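Have the sequence and the 3D view at hand as you read.

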Amino acid sequence: MKKAIAMAAMAMICGGVSAAEVSTYLGGDFGSSTLELNQQSETASSFGATLGYRFNEYLAVELKAQRLSNWSLDGANYRAGALKASVLGILPVSQHAHLFGRIGYGRNTLEASAASSKSSLSRSQLLVGAGLSYQFSPQWCARFELNHQGDQPISYSLGQARATVSQYSLGLNYAI
């Protein structure tokens, strides 16, 4: 029953969409990710790849893989990555510029290593983001985006900590 409702909703969303508005796209982005841990923070570069499908001028879905970064904090080295699936709500500001909001679900991985120990944790959680895109040709779109990757609780011999990863990125998308 749930599948039938989901398919009916998708048909209503997509019904009446012309072929010119529907597009599959590939993208890549580079940016900066910040890790906050134990009231310290460090920023390092990040990169990612995107596969998206735009249903109309107001709605898209995306799958994204990101290497969030490598950091050194509090005597340990950290490495993070994410796999995300999300829905984008798009608001046209002008003929070429669009604001968008992202909500989705991500699988975040955080690895930590110190002198004699190594640990890894993966966690699935809600993700949110917002950005601005500019369509400078029928196939090419530039994008600036801010994302909150979520909070990761970390347990280790000295107690508990919470790692928060946030990111901003600049990317290009190509409509296939």
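Predicted model: local features only at pLDDT ≥ 70, side-chain atom pairs only at ≥ 80, totals over all residues.

Setting aside its neighbours within four places in sequence, Tyr78 is in contact with Leu35, Leu37, Ser69, Asn70, Trp71, Leu73, Leu110, Glu111 and Ala112. The largest nonpolar core has 14 residues, and the members that touch the most others are Leu35, Leu68, Trp71 and Tyr78. Which elements build this core? Two or more residues each come from β1, β3, β4, β5 and β8, and β4 gives the largest share, with 4 residues. There is also a second, separate core of 5 residues, with Tyr25, Leu88, Ile90 and Phe100 among them.

Now step back to the whole chain. It holds 1 helix and 8 strands, and from the N terminus on the order of elements is α-β-β-β-β-β-β-β-β. The protein chain has 176 residues, of which 38% count as buried. Among contacts with a separation of 6 or more, 56% are made by residues 24 or more positions apart.

β2 and β3, the latter covering residues 59-73, pair in the antiparallel sense over 9 bridges, and a hairpin of 2 residues joins β2 to β3. To find your place on this pair, look for Tyr53, which stands opposite Val61 in β3. On to the following pair: β3 and β4 also run antiparallel, joined by 14 bridges. Here Leu73 stands opposite Ala76 in β4. The hairpin formed by β3 and β4 has 2 residues between the strands, and in its turn Asp74 has a positive phi of about 55°.

Beyond residues up to four places away in sequence, Ser33 touches Glu42, Thr43, Ala44, Ser46, Leu68, Ser69, Trp71, Ser166 and Gln167. Leu68 and Trp71 in that list were also named among the core members with the most contacts to other members. Gln95, by comparison, is found in the loop between β4 and β5. Gln95 counts as exposed because its relative accessibility is 69%.

Finally, let's look at the open space in the model. Rolling a probe the size of a water molecule over the atoms shows where empty space is left. The largest pocket has a volume of about 560 Å³. Which residues lie nearest its centre? Ser23, Arg54, His98, Gln135 and Pro138 do, out of the 27 residues that line the pocket. At least two lining residues each come from β1 (23-37), β2 (40-56), β4 (76-92), β5 (97-113), β6 (118-135), β7 (140-156) and β8 (159-175). Sorted by class, the lining of this pocket has 12 nonpolar, 11 polar and 4 charged residues.

Methods:
Residues numbered from 1 in each chain as written. Heavy atoms only, no water. 1 Å grid on protein atoms, 1.4 Å probe; cavity = no way out; pocket = protein on both sides within 12 Å on 5 of 7 lines; lining within 4 Å. Points joined across faces, edges and corners; volume = space filled by probe spheres on them. Nonpolar A, V, L, I, M, F, W, Y, C, P; charged D, E, K, R; others polar. Pairing = 2+ DSSP bridges. Buried < 20%, exposed > 50% of the residue type's maximum accessible area, 1.4 Å probe, protein only. Core = buried A, V, L, I, M, F, W, Y, C linked by side-chain atoms within 4.5 Å. Contact = heavy atoms within 4.5 Å.
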